Amino acid sequence: MNTAVVKGPPATGYSLAFASPLAAFFVLFFLAPLLLLIVISFYATPDLKSFGLDQYIKIATDGFTLPVLADTLWLGVQTTLLCLVLGYALAWSYVRSPRTMQKVLMLIIVMPLLTSVVVRTFAWVVILGRQGIVNSMLMEMGWISGPLKLLYTRGGLIVALANVQLPLMALPLITALQKLDPNLEDASSALGASALRTFVRITLPLTLPGILAGCLLTFAASITAFISQSLIGGGQMLFMPMYIYQQASSLQNWPFAAAISLVFLIAVMACVALFNALGRLSRGHIAD
Amino acid sequence: MQLTRRHLLGSALTLSAMELFPGISHAQARKLVFATFTGSWEEAHRDVLVPAFKKASGQDMLLDAMLSVDQIAKVSAARTNPPIDVMLHDPGPALVAIGQDLVEPFPVAASKNYKDLIPEAQDPMGPSMFFQVVGITYNPETVKTPPTSWADLWKPEYKGRVGITNLNSTLGTGFLVEVARMHGGNEGNVEEGFKAIEKLKPNLAAVAANPGALAALFQQGQVDISPGNFNAIQILKTRGVPVEFVAPKEGAIAFKTSIHIVKNSPNKALAAQLIDVALSPEVQGKLMRSPYLVVPTNGKVRMEGEIAKVLAKDTAEMKKKFVFQDWKKINEHRSAWIDRFNREIKL
């Protein structure tokens, strides 16, 4: 090989130029609004007249915002855990199914993504209601005498959110499980490991990247699910999205709404960073 | 000028951009935009108001349906070139819009119909084009004796059957004030109202996030009795949901829905004309009849049909039966109340 073969600019030079429309898009529609949000959060009063740290002091001292934030993140954790259990089982049965069955399963998994969140959430209102499917079935079988309160409860909300977000968990898990070499599991059991031991020592660590990706997506989607939270959770359960809406729209208190949005954003980014750190740890684990 | 590929491309892009976004080059030539409410209001205005305006002015107009608070957010974000010409507001948001200097006074002297409005509806900063009425909504299949008073919501037989909304809506806030009044409070002091809602907790099946969600709960049989908006009930009724509306003996809560010209609107004259059409007895008379059942503000409109049966036979009776609240006072305290509701009302 001689150097005369190389002609024109290097390929990497092109890719930067191609990325510039996207970069401009991000600056205009993501970075600029975000900067504006930061600026607004430093106004002291809703009439945007004077600057100050008032909003952040209020968040730190009012004893209300931080518990709402913690509760919202906790809701995300609960939903994610339920999604993980259901999603893993779903992904597992998908990978072990014959080809034709896989096509049907994939359609079922992806279908919710093709339906509007509003429609899916209203479906849950019908399912969980006093005369809903669950209650009328339990009553018909004689297990309960009066309808249970399912709608407007935290349990109901977690179940509905888990259903809405399940595809986000199942798809990365399916990818991870498909990449898993079946010989490894066979080898493990040939060496005398029980099914449980094989799962814990071989399958689980090797699918950890899929688990982390799924958890991250589910967590982020469920803490920001404004529609599901307000329709299934109702007006008496307050989570961050509804709180931000209330302050920004009903009260027109933009500085406070901007400040709590930013605190929410930072808390979510901290969670994402934590997930990423776990991901790096897991890579080290696999390399061992 | 030398014609290069770059030049050609540039002018082609500019031309097509002007075609695609005529607003850039002809800011003054857009159609009149009326921001109405969502749901049945939009339907009613599309069916009655838009054709009436077309007939009166020969011009087309656009309806843009959204909540009052969203209208304020949109207009205050673009004060110098507002995307809306005419706004529609509940009393709380109306005062906010006026306070933030977002509206123009309505040219009263040039208006044909303004003087016929009943006095409560007359306000040069924004006359009222209809009233909304809040009473008790109930399911006649499960609530055998029709309720007569707000106090009925506290009856032990409705344990776990009552619905309310939170204070995000005019409905929720108006209900809190009325409950406070029943117990000796007023618009400035709702202490007793909060105490009463605390006592209502065993009866509460749900605190809906908004009036729309509350209506859906009647459809699901989740609640059987609640404070409710007269018009919202009519829609449920036409869809076959068993609901009835009753004005409580303490008086139904009425609030004005005012219509405003947006400051800096490029279509001021047309905006004033639209408002005049909205106040006319012809339009209000049509809107009062089935299926819209909108409560008129024009004294010349003779009450008939469902409205005469359930609410009032004429404006004199209407004034006797309706309770108007002081939203100026309410607005002063509203954010503190919302904070308190957030903290205290957990089921």
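Q: How many aromatic pairs does a search of the whole structure find?
A: In this predicted model, the search over all chains gives 18 aromatic pairs.

Q: How are the rings of A:Phe42 and A:Tyr56 arranged?
A: Look at the angle between the ring planes: under 30 degrees counts as stacked, over 60 as edge-to-face and the rest as tilted. Here the planes of A:Phe42 and A:Tyr56 stand at 40 degrees, with the ring centres 5.2 Å apart, so this pair is tilted.

Q: Which parts of chain A does the pair tie together?
A: A:Phe42 sits in the loop between α1 (11-41) and α2 (54-61) of chain A, and A:Tyr56 belongs to helix α2, so the parts joined are 14 residues apart in sequence.

Q: How are the rings of A:Phe219 and A:Phe275 arranged?
A: Their planes are at 55 degrees and their centres 6.1 Å apart, so this pair is tilted. A:Phe219 comes from helix α10 (residues 208-223) of chain A and A:Phe275 from helix α13 (residues 254-287) of chain A, so the pair links parts 56 residues apart in sequence.

Q: Are A:Phe219 and A:Phe275 buried or exposed?
A: Both A:Phe219 and A:Phe275 are buried.

Q: Which residues form one aromatic cluster?
A: A:Phe25, A:Phe26, A:Phe29 and A:Phe30 do.

Q: Now the helices. At what angle do α5 and α7 of chain A cross?
A: The axes of α5 (residues 117-128) and α7 (residues 154-179) of chain A come within 10 Å and cross at roughly 140 degrees. Only an angle over 145 degrees would count as roughly antiparallel, and α5(A) and α7(A) are therefore oblique to each other. Their crossing is right-handed.

Q: Which residues make the contact?
A: α5(A) contributes A:Val117, A:Arg120, A:Trp124 and A:Leu128, while α7(A) contributes A:Gly156, A:Val159, A:Ala160, A:Asn163 and A:Val164. By class, the contact has six nonpolar, two polar and one charged residues.

Q: How do α6 and α7 of chain B cross?
A: Helix α6 (residues 170-182) and helix α7 (residues 191-200) of chain B have axes that come within 7 Å and cross at roughly 100 degrees. That makes α6(B) roughly perpendicular to α7(B). B:Leu176, B:Val179 and B:Ala180 of α6(B) meet B:Glu192, B:Gly193, B:Phe194, B:Ala196 and B:Ile197 of α7(B). This contact divides into six nonpolar, one polar and one charged residues.

Notes: Residues numbered from 1 in each chain as written. Chains lettered and ligands numbered in written order. Predicted model: local features only at pLDDT ≥ 70, side-chain atom pairs only at ≥ 80, totals over all residues. Heavy atoms only, no water. Axes fitted to C-alpha atoms, helices over the stretch in contact; angles between N-to-C directions. Helix = DSSP H or I, 4+ residues; strand = E, 2+ residues; numbered from the N terminus. Parallel < 35°, antiparallel > 145°, perpendicular 65-115°, else oblique. Left-handed = near helix turned anticlockwise from the far one by under 90°. Contact = heavy atoms within 4.5 Å. Nonpolar A, V, L, I, M, F, W, Y, C, P; charged D, E, K, R; others polar. Phe/Tyr/Trp six-rings, centres within 6.5 Å; stacked < 30°, edge-to-face > 60°. Buried < 20%, exposed > 50% of the residue type's maximum accessible area, 1.4 Å probe, protein only.
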